[in-house]
Amino acid sequence: MKKLVILGAGGHGKVVADIAVKNGYEEIVFLDDNKTSCAGFSVVGKIEDAAKIKGDKFVAIGDANLRQKLMEKIKTVTLIHPRATISRRVTIGEGTVVMAGVVINSDTKIGKGCIINTSASVDHDCTLDDFVHVSVGAHLAGNVKVATRTWLGVSASVINNIAICKDCMIGAGAVVVKDINKSGTYVGVPARLLTR
Ligand SMILES: CC(=O)SCCNC(=O)CCNC(=O)[C@H](O)C(C)(C)COP(=O)(O)OP(=O)(O)OC[C@H]1O[C@@H](n2cnc3c(N)ncnc32)[C@H](O)[C@@H]1OP(=O)(O)O
């Protein structure tokens with residue numbers, strides 16, 4: 001029986017579980033330090049138990065630093081929703097999830113531990129480094145580079161030929177029209193560094 005152990009029983013975890021079912025997993029269990037169940041599935045232990053529990057593994061934790069830390073210790077599977085449209089010339093790393101309605105076009109490379117969330121699009125010749133999150137409905141035009149752990153918020157857009165450095169938060173609805181070379185939070189149209 002195909003079994004998946006999902007680390008993280010939050011909202012992201014329950015969407016991952018649905019995709020796992022569509023990928024033929026017949027048994028799904030969660031590990032979480034606080035919850036006892038998730039979307040009808042059992043929580044069978046704490047996150048630290050991952051190595052001890054048999055089955056394929058997936059880290060369903062939104063925080064990129066924590067996701068990275070956990071993925072350094074265990075081997076994980078890649079999960080792709082059957083209703084994602086992905087060019088044959090795309091590569092996708094270990095432990096990445098591609099959700100329903102996503103489009104990924106030709107010659108794009110997606111790293112490990114990435115989240116390509118519901119109805120996002122990543123166009124041709126893009127490079128997404130490890131642990132990048134493209135949120136629900138965010139859009140990357142052609143030849144966009146996004147460095148490690150950067151998170152694009154819901155409905156954010158990036159025009160073509162743009163590079164965004166590591167550890168950025170691009171706010172909901174922001175439009176990135178220039179390269180971003182300094183880590184930080186960027187909001188608005190056009191996107192600017194959020195200073196407090
Ligand atoms: C399935 C899923 O759920 S996927 C997850 C999707 N989640 C997201 O997309 C979350 C995106 N998060 C955001 O956009 C957040 O607002 C952030 C990260 C940009 C900023 O959050 P915080 O650091 O908490 O900032 P805070 O809420 O204090 O706002 C600071 C200022 O920026 C403004 N601001 C915050 N977010 C945005 C935004 N997206 N666009 C424009 N302005 C914004 C606020 O209005 C505020 O302005 P003010 O000082 O004039 O009142």
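Modeller: A strand here is a DSSP run of E of at least two residues, and a helix is a run of H or I of at least four, both numbered from the N terminus. The model under discussion is predicted.

Colleague: In which strand does Y186 lie?

Modeller: Strands are numbered from the N terminus. The run that holds Y186 covers residues 185-187. Y186 therefore lies in a strand under that definition, and its label is β23.

Colleague: Is Y186 buried or exposed?

Modeller: A residue needs 20 or more other C-beta atoms within 10 Å of its own to count as buried. Y186 has 23 of them, so the class is buried.

Colleague: Which residues does Y186 touch, leaving aside those up to four places away in sequence?

Modeller: V176 is ten residues from Y186 along the chain, with the two C-alpha atoms 8.6 Å apart. Contact is judged on C-beta atoms within 7 Å, and V176 is on the contact list of Y186.

Colleague: Where is K182, and is K182 buried or exposed?

Modeller: K182 is in the loop between β22 (175-176) and β23. The limit for an exposed residue is 12 or fewer C-beta neighbours. K182 has 9 inside 10 Å, so K182 counts as exposed.

Colleague: What is the C-alpha to C-alpha distance between K182 and L4?

Modeller: The two residues are 178 apart in sequence. For scale, the C-alpha trace spans about 45 × 40 × 25 Å along its principal axes. The distance between K182 and L4 is 38 Å.

Colleague: Why is the radius of gyration of the protein said to agree with a compact globule?

Modeller: The protein has 196 residues, and a compact globule of that length would have a radius of gyration near 16 Å. The value for the protein agrees with this, because it is 17 Å.

Colleague: How many helices and strands are there, and what share of the residues counts as buried?

Modeller: The protein has two helices and 24 strands. Among contacts with a separation of 6 or more, 21% join residues 24 or more positions apart. Of the 196 residues, the share that counts as buried is 40%.

Colleague: How many residues of domain 1 are in contact with domain 2?

Modeller: The domain assignment gives domain 1 as 3-71 and domain 2 as 78-185. The C-alpha centres of domain 1 and domain 2 lie 23 Å apart. On the side of domain 2, twelve residues take part; on the side of domain 1, the number is 13.

Colleague: Which elements give two or more residues to that side of domain 1?

Modeller: By class, the side of domain 1 that touches domain 2 has eight nonpolar, three polar and two charged residues. The elements that give two or more residues to it are α1 (11-22), β5 (56-59) and α2 (64-71).

Colleague: How far apart are the end C-alpha atoms of the region UniProt lists as "domain: PglD N-terminal"?

Modeller: The unreviewed UniProt entry lists residues 3-74 under that name. Over residues 3-74 the chain is 28% helix and 29% strand. The end C-alpha atoms of this stretch are separated by 16 Å.

Colleague: Which residue does the UniProt annotation "binding site" cover, and is it buried or exposed?

Modeller: The annotation, from an unreviewed entry, covers H133, which is in strand β15 (residues 133-134). Beyond four places in sequence, H133 touches A64, C114, I115, N117, W151 and L152. Because H133 has 26 C-beta neighbours inside 10 Å, H133 counts as buried.

Colleague: Which residues come nearest to the ligand?

Modeller: There are 14 residues around the ligand. The shell divides into seven nonpolar, seven polar and no charged residues. Those that come nearest are G153, V154, G171, A172 and V187.

Colleague: Which two residues does the cis peptide bond join?

Modeller: Most peptide bonds are trans. Here omega is about -5 degrees for a cis bond, and P190 is in the loop between β23 and β24 (192-193). The bond joins V189 and P190.

Colleague: What is phi of A39, and what is phi of S119?

Modeller: Most residues other than glycine have a negative phi. A39 is in the loop between β3 (37-38) and β4 (41-45), and S119 is in the loop between β12 (115-116) and β13 (121-122). A39 has 15 C-beta neighbours inside 10 Å and so counts as partly exposed, and S119 with 17 also counts as partly exposed. Phi of A39 is positive, near 50 degrees, and phi of S119 is positive, near 60 degrees.

How values were computed
Residues are numbered from 1 along each chain as its sequence is written. This is a predicted model: local features need pLDDT of at least 70, side-chain atom pairs count only at pLDDT 80 or more; totals for chains, interfaces and linings use all residues. A residue is near a molecule or strand if its C-beta atom, placed from the backbone, lies within 6 Å of it. Ala, Val, Leu, Ile, Met, Phe, Trp, Tyr, Cys and Pro count as nonpolar, Asp, Glu, Lys and Arg as charged, and the others, Gly among them, as polar. The radius of gyration is taken over C-alpha atoms; the globule rule is 2.2 Å times the number of residues to the power 0.38. Two residues are in contact if their C-beta atoms, placed from the backbone, lie within 7 Å. UniProt positions are given in the numbering used here, feature names are shortened, and annotations may be inferred rather than shown by experiment. Domain bounds come from an automatic or database domain assignment.
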